[in-house]
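Subject: Structure for your review

Hello,

Please find the structure below, with the sequence. My notes on what was found follow it.

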Amino acid sequence: MSLPLEKTHIHNGVLISVVCPVYGSPSTIPLLCERLHESLTKITANYEIILVFDCSPDNGWEFIRIECAKHKNVVGIRLSRNFGQHYAITAGLKTAKGEWIVVMDCDLQDQPEEIEKLYARAIKGADIVLARRTNRKDHVLKRLSSKCFYRLFSYMTNSEQDPGIANFGIYHRKPINAILSMGDKVRFFPTMAQWVGFERTTVEVEHSKRQEGKSTYSYKKLIHLAIDTIISFSDKPLTLSVYLGMTTSFGSSIVSAYYLFRYFSGGIKVSGFTTLILSIWFLSGIIIFLLGMLGVYIGRSFEQVKNRPTYIIRDTLNLE
């Protein structure tokens, strides 16, 4: 199905930009580019493919060099070190010139052939069209951990998160500009795309098996990502610590009443025992309460005041 170009304004001569963070799976890069060229030419001749190399310990940059030499509309970006997937996405979004921007992984689990379906839905009227993966080809443990993560994340951030939706989708220039304007030092693209609003919808797509290797997200990295993201997008953990302090203080008053009753009824013979117990319980509750209150302010400002760049670019190819 070829889609009429005249229905959508072309931004800076580029209709569609595809942003792919690259970490691992270096040998899939030629096949990825080949399938992207085939899929995108069915929509428009005005497209670009942006491959952001996030310094994986392999020869992925050499594969990107080859593709950039073969095709002038393939852009290569090499970061100075490994910053992480969502920082690499940010670097690609900053470079993208398209009126519509596709974000997808490089391992071909996100299938390039689905872009046409996403674009067809977008031009009917939507600023963001997200790909909902059906029949995920990940192993059972990963699907289960992903489901648990998104449930926890939904609760901690007071938002609705779908475990079937990740980065893959097509985004209009307006929400992308809004995302880039966010000054958050901790970047998590799906949540940022949800936070900025705009009209959004989903399209079901087929999820493919990984072409090479295995996921580089260990459970340790996933836990670290979860903690960073929850802290960045919500102060609920700190608010819960305040509630914990209040609950502890309330519990201490009950325990205090109990030990006071025992003291006056002659049940406690050890001198100073009552004072010690009351002090420990009450002061512990007050300390947790105050730490939670301070943490709400400190946690919000700590990352921002350092004002470090979220990524650093070392080399670029085919980038004017």
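**Salt bridges**

Helix α2 (residues 60-70) holds both R65 and E62, which are three residues apart, about one turn of the helix; helices here (H or I, at least four residues) and strands (E, at least two) are DSSP runs, numbered from the N terminus. An α-helix has 3.6 residues a turn, so residues three or four places apart point the same way. R65 and E62 form a salt bridge, with their closest N and O atoms 3.7 Å apart; the term stands for a side-chain nitrogen of Lys or Arg within 4 Å of a carboxyl oxygen of Asp or Glu. R65 is partly exposed at 37% relative accessible area, and E62 is partly exposed at 44%. The classes are buried (under 20% relative accessible area), exposed (over 50%) and partly exposed (in between), with a 1.4 Å probe and protein chains only.

Before the rest, some conditions. This is a predicted model, in which local features need pLDDT of at least 70 and side-chain atom pairs count only at pLDDT 80 or more, while totals for chains, interfaces and linings use all residues. Residues are numbered from 1 along each chain as its sequence is written, and side-chain values use heavy atoms, with hydrogens and water left out.

The salt bridge count comes to six. One of them pairs E113 with R35, with 2.7 Å between the closest N and O atoms. This pair links distant parts of the chain: E113 is in the loop between β4 (100-103) and α4 (115-122), R35 is in helix α1 (residues 29-40), and 78 residues separate them. E113 is partly exposed, at 37% relative accessibility, whereas R35 is buried at 15%.

The side chains of K117 and E114 also meet in a salt bridge, at 3.1 Å from N to O. Here K117 is partly exposed, with 37% relative accessibility, and E114 is buried, with 10%.

**Chain and burial**

The protein chain has ten helices and eight strands. Of its 320 residues, 47% are buried. Helix α3 (residues 85-95) is mostly covered, with ten of its eleven residues buried; among them are H86, Y87, I89 and L93.

Contacts (heavy atoms within 4.5 Å) were also counted along the chain. Among those with a separation of 6 or more, 81% are between residues 24 or more positions apart. The chain exposes about 16,700 Å², and carbon and sulfur atoms supply 60% of that area; the areas come from the Shrake-Rupley method with a 1.4 Å probe, and for residues only the protein chains shown count as cover.

**Cavity**

A search of the whole structure finds one cavity of 30 Å³ or more. A cavity is a set of points, on a 1 Å grid over the protein atoms alone, where a 1.4 Å probe fits but cannot get out, and its lining residues have an atom within 4 Å of a point. Grid points are joined across faces, edges and corners, and the volume is the space filled by probe spheres set on the points.

The largest cavity has a volume of about 30 Å³. Its lining is made up of D105, D110, A131, R133, A166, N167 and F168. The elements giving two or more residues to this lining are β5 (128-134) and β6 (165-172), and β6 supplies the largest share, three residues.

Regards

Definitions and conventions. On a 1 Å grid over the protein atoms alone, a cavity is a set of points where a 1.4 Å probe fits but cannot get out, and a pocket is an open set with protein on both sides within 12 Å along at least five of seven lines; lining residues have an atom within 4 Å of a point.
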